[in-house]
Amino acid sequence: MIKPMSRIADSFWRAAAYCLHPRVIGLSLLPLIVSAALAFGLGYFFWEAAVAGVRATLESWSLVDGLLKWLDSLGAASFRTVLAPIIVLAMAVPALVVLSLLLVALLMTPSMVDLVAQRRFASLERKRGAGFVASLSWSLGHTVVGVVLLVASLPFWLIPPMALILPPLIWGWLGYRVFTFDVLAEHASGAERRSLLGEHRMPLLLLGLATGYLGAAPAAIWAMGALTIAFAPVLILVSVWLYTLVFAFSSLWFAHYALAALQEMRRADTAAERAPDPVMDALPANYATAPPLSADDPEPGPPPAIENRPSPL
């Protein structure tokens with residue numbers, strides 16, 4: 001376990017350095033533009049309808065309506081106004097996270113893996129074990145599972161420790177499954193990818209857990225209460241940009257770790273294939289080829305001619 005941990009640390013610093021590469025910075029703008037345009041478009045057409053629908057749903061619940069009337073009697077009437085928009089924003093943030101993850105995996109990861117391979121693993125053979133359709137299907141399938149797990153875990157978020165454990169754990173598992181597949185899609189065959197996922201499951205899960213906590217950090221900018229509504233357009237841009245950077249760094253981290261592990265696995269397989277066999281090497285068939293002549297040995301000449309003499313019989 002010591003060697004995988006040292007590889008995780010080495011991959012971490014390499015990924016942090018690659019985040020400053022101009023190519024990575026330029027690639028990070030594409031998911032930002034796409035997700036920000038989609039977020040603003042949906043907000044422009046559906047914000048008022050979503051807020052009105054949430055407010056009507058809350059007021060239809062007698063318990064919530066009684067609580068809001070009690071708050072009105074205490075002079076906290078403004079809470080009724082901001083509650084529905086805050087709930088809409090709270091529901092939109094996980095969607096932004098999922099969208100950023102998919103955009104980084106599909107638009108940035110192949111180019112960043114190619115950058116890492118060119119600069120560090122130029123001699124690593126590309127076996128192309130999975131194409132774009134397979135990567136897209138894998139990412140979408142695991143994203144659906146991750147969203148279902150998030151929704152199912154919502155009641156447990158009311159328990160204070162679980163709110164700090166479950167979301168990063170789910171995001172970490174999702175990132176581990178998605179990014180590992182994508183970074184190995186070009187270079188590893190299907191058998192190599194399955195073998196590597198099985199052999200390095202625990203280190204990759206630890207790496208995914210670390211990236212899951214990094215992915216939860218940008219959500220702290222929404223912890224400003226009612227101010228989030230006033231600055232929602234700016235906060236959406238900032239949060240999308242932060243999520244893009246976090247997932248880009250995570251993709252680079254997985255790329256450095258997985259490609260290094262793949263290279264080491266192939267070297268070990270090659271060494272095992274070329275191991276000498278003392279039994280086979282001792283067989284005479286292995287020495288059928290004549291040994292090379294030294295400088296003192298005479299050059300072999302043509303075979304002696306056979307004379308045609310008459311038979312004495």
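**Helix crossing and an aromatic pair**

Author: This is a predicted model; the protein has a mean pLDDT of 78, with 77% of its residues at 70 or more.

Reader: Where is confidence lowest, and where highest?

Author: The lowest is helix α11, residues 278-281, with a mean of 55. Helix α7, residues 190-199, has the highest, at 89.

Reader: Helix packing next. How do α6 and α8 cross?

Author: The axes of α6 (residues 160-184) and α8 (residues 201-216) come within 7 Å, and the crossing angle is roughly 120 degrees. Angles of 65 to 115 degrees would count as roughly perpendicular, and the two helices are therefore oblique to each other.

Reader: Left-handed or right-handed?

Author: The crossing of α6 past α8 is right-handed.

Reader: Which residues meet there?

Author: On the α6 side they include Leu164, Ile165, Trp171 and Tyr176. Among those in α8 are Leu204, Leu205, Gly208 and Tyr213.

Reader: And what is the contact made of, by class?

Author: The contact of α6 with α8 has 11 nonpolar residues, four polar and one charged.

Reader: Switching to rings. How many aromatic pairs?

Author: The count is nine aromatic pairs. One is Phe12 with Trp253: the ring centres are 5.1 Å apart and the planes are at 70 degrees, so this pair is edge-to-face.

Reader: Where do Phe12 and Trp253 sit in the chain?

Author: Phe12 belongs to helix α1 (residues 2-18) and Trp253 to helix α10 (residues 232-273).

How values were computed
Residues numbered from 1 in each chain as written. Predicted model: local features only at pLDDT ≥ 70, side-chain atom pairs only at ≥ 80, totals over all residues. Heavy atoms only, no water. pLDDT = per-residue confidence, 0-100. Helix = DSSP H or I, 4+ residues; strand = E, 2+ residues; numbered from the N terminus. Axes fitted to C-alpha atoms, helices over the stretch in contact; angles between N-to-C directions. Parallel < 35°, antiparallel > 145°, perpendicular 65-115°, else oblique. Left-handed = near helix turned anticlockwise from the far one by under 90°. Contact = heavy atoms within 4.5 Å. Nonpolar A, V, L, I, M, F, W, Y, C, P; charged D, E, K, R; others polar. Phe/Tyr/Trp six-rings, centres within 6.5 Å; stacked < 30°, edge-to-face > 60°.
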